[in-house]
Amino acid sequence: MSKRAYLTLVAASALLLTACSDGSEPGPAEGPAEGPTKVSIVSGNQSPDVSTWQVYLPEMLKYWEDEGLDVTVNYTQGSPAAVQGLVAGQADFAFSTLTPVLAASSDGEDVRPVVNQTVMAWRLAVPTDSAIKDPGDLKGAKIGLFAAGAGSQPYLERWLTDAGIDIQTDIEYIVTGGAAASYEALKNGTVDVAFSFIDMLGQMEALGGEYRYLADDKWLKMPDYGLSTSTKMIKDRDTLVAVSRGVAKAMVFLTENPRCAAEVFMKTPTGMGGSVDQFEAALRASAKQAKASFDSQGTGYWGFVEPSRLQAAIDLQLDLGLISKKLDAKAMVPGDLELAKAVNDFDADEIRAAARACDLG
């Protein structure tokens with residue numbers, strides 16, 4: 001992805017983020033003696049929803065407050081816009097998918113991943129009674145997409161092409177929309193399969209869908225959604241560790257008890273009045289992704305950005321034309337296992353016990 005294309009993609013959304021900013025220079029305030037350290041984060045979600053657990057769990061469970069932080073989170077139109085907000089100095093950190101982080105970095109911007117929350121979350125949902133068993137069976141299939149031009153589409157098309165599918169003639173894309181609409185499209189046969197992120201597919205299961213999931217094995221080992229920042233914030237190690245630790249604690253809580261995480265969400269303004277069962281289904285899918293991220297890098301540290309996995313993602317995205325030049329993963333990752341050890345310097349068993357007890361007051 002060229003710098004011109006990248007900036008064109010995010011320009012309109014960046015304006016929205018600017019409107020949410022107070023115009024002040026981001027960055028930590030005075031230390032604890034002067035009060036909490038102020039931190040600004042931009043999320044690639046358009047608005048808070050059940051999938052933004054990396055925000056509402058640290059907020060509602062006071063993980064960031066306990067770290068001496070006063071965190072402000074703004075929302076914007078997608079991951080590219082969130083990364084552009086970080087690049088433009090409108091935020092200290094950004095929650096986003098990995099592709100725009102790598103695209104910006106390959107175009108010379110100062111953006112570096114610091115916490116990995118999930119492996120690649122894209123899956124192909126196939127009804128359990130379908131004859132489709134692998135990507136080679138998709139010839140002639142109608143594939144439902146939650147949005148036109150989704151950033152995941154190049155990965156899907158490479159996977160299908162490698163399986164012998166001609167993406168120009170052998171398949172048809174149909175935009176089905178969100179969870180409820182995609183569920184209905186699969187149920188009534190408008191589409192044969194649905195391609196989306198695992199959180200939304202979990203919501204479709206909560207509506208009654210029964211599916212098998214297909215994915216390229218490479219996706220299950222590569223980092224994706226997470227927290228990124230700039231060199232300036234990396235140099236402020238105390239703030240970097242504090243923000244990252246709040247996310248790591250949230251990962252432990254979520255994976256231990258997704259239903260309690262759903263109950264936490266229901267205490268937020270967005271979650272009030274919703275279905276705890278549907279929220280739990282989505283968060284169970286998120287928990288599997290967070291646990292897969294933890295297991296895949298093999299260090300025992302939550303949120304660690306493992307360089308060899310990151311390099312594999314870089315190489316694939318370069319091959320797909322999503323980034324403009326090759327990057328060195330080891331040079332991108334801030335620090336080594338010492339940083340991961342500092343981020344994980346908390347009592348994980350205590351977090352797990354609290355999640356099991358789920359005493360939310």
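Author: Contact, as the word is used here, means heavy atoms within 4.5 Å. Please also keep in mind that the structure above is a predicted model.

Reader: With that idea of contact, which residues does threonine 268 touch, once its neighbours within four places in sequence are left aside?

Author: Leaving those neighbours aside, threonine 268 is in contact with Tyr56 and Met60. Threonine 268 itself sits in the loop between α11 (258-265) and α12 (276-297).

Reader: Is threonine 268 buried or exposed?

Author: The reasoning needs a cut-off, and a residue is called buried when its relative accessible area is under 20%. Threonine 268 has a relative accessibility of 8%, and therefore it counts as buried.

Reader: Tyr56 was one of those partners, and I would like to know how to read its aromatic ring. How many aromatic pairs are found in the whole structure?

Author: The search of the whole structure finds ten aromatic pairs. In one of them, tyrosine 56 and phenylalanine 265 lie 4.9 Å apart from centre to centre, with 40° between the planes, and this pair is tilted. The pair links distant parts of the chain, with tyrosine 56 in helix α2 (residues 53-60) and phenylalanine 265 in helix α11, 209 residues apart. Tyrosine 56 is buried, and phenylalanine 265 is buried too. Aromatic residues also gather in a cluster, which is formed by Trp122, Phe146, Trp159, Phe195, Phe197 and Trp219.

Reader: Helix α2 has now come up, and I wonder how to describe two helices that pack together. At what angle do α2 and α10 cross?

Author: Two packed helices are described by the angle between their axes and the distance between the axes. The axes of α2 and α10 cross at roughly 95° and come within 9 Å, so α2 is roughly perpendicular to α10. On the α2 side the residues are Trp53, Gln54, Leu57 and Pro58, and they meet Gly246, Val247, Ala250, Met251, Phe253 and Leu254 in α10. Sorted by class, this contact has eight nonpolar, two polar and no charged residues.

Reader: Which residues make the contact between α10 and α11?

Author: Helix α10 (residues 237-256) packs against α11 with the axes 5 Å apart and an angle of about 115°, so α10 is roughly perpendicular to α11. The contact is made by Phe253, Leu254, Thr255 and Glu256 of α10, together with Pro258, Cys260, Ala261 and Val264 of α11. By class, the contact of α10 with α11 has six nonpolar, one polar and one charged residues.

Reader: Now I would like to read the sheet. In what order do the five strands of the open sheet stand?

Author: The open sheet has the order β2-β1-β3-β10-β4, and its pairing is mixed. At the edges stand β2 (69-75) and β4 (112-116), and each has a single partner strand, so one side of each is left without a neighbour in the sheet. From one strand to the next, the twist averages 30°.

Reader: Which helix lies across β1, β3 and β10?

Author: That is helix α4 (residues 79-87), which lies across β1, β3 (93-96) and β10 (226-229) and runs at about 170° to β3.

Reader: Could we end with two single residues? Where is methionine 120 placed, and what does it touch?

Author: Methionine 120 is in the loop between β4 and β5 (122-127), and its relative accessible area is 4%, so it is buried. Not counting residues up to four places away in sequence, methionine 120 touches Tyr155, Trp219, Met222, Pro223, Asp224 and Gln289. Methionine 120 and aspartate 216 are 96 residues apart in sequence, while their C-alpha atoms are 9.9 Å apart in space.

Reader: And which residues are in contact with valine 175?

Author: Valine 175 belongs to strand β7 (residues 172-175), and its relative accessibility is 49%, so it counts as partly exposed. Leaving aside its neighbours within four places in sequence, valine 175 is in contact with Leu145, Phe146, Ala147 and Ala148. The C-alpha atoms of valine 175 and glutamine 90 are separated by 33 Å, and these residues are 85 apart along the chain.

Methods
Residues numbered from 1 in each chain as written. Predicted model: local features only at pLDDT ≥ 70, side-chain atom pairs only at ≥ 80, totals over all residues. Heavy atoms only, no water. Pairing = 2+ DSSP bridges. Helix = DSSP H or I, 4+ residues; strand = E, 2+ residues; numbered from the N terminus. Axes fitted to C-alpha atoms, helices over the stretch in contact; angles between N-to-C directions. Buried < 20%, exposed > 50% of the residue type's maximum accessible area, 1.4 Å probe, protein only. Phe/Tyr/Trp six-rings, centres within 6.5 Å; stacked < 30°, edge-to-face > 60°. Parallel < 35°, antiparallel > 145°, perpendicular 65-115°, else oblique. Nonpolar A, V, L, I, M, F, W, Y, C, P; charged D, E, K, R; others polar.
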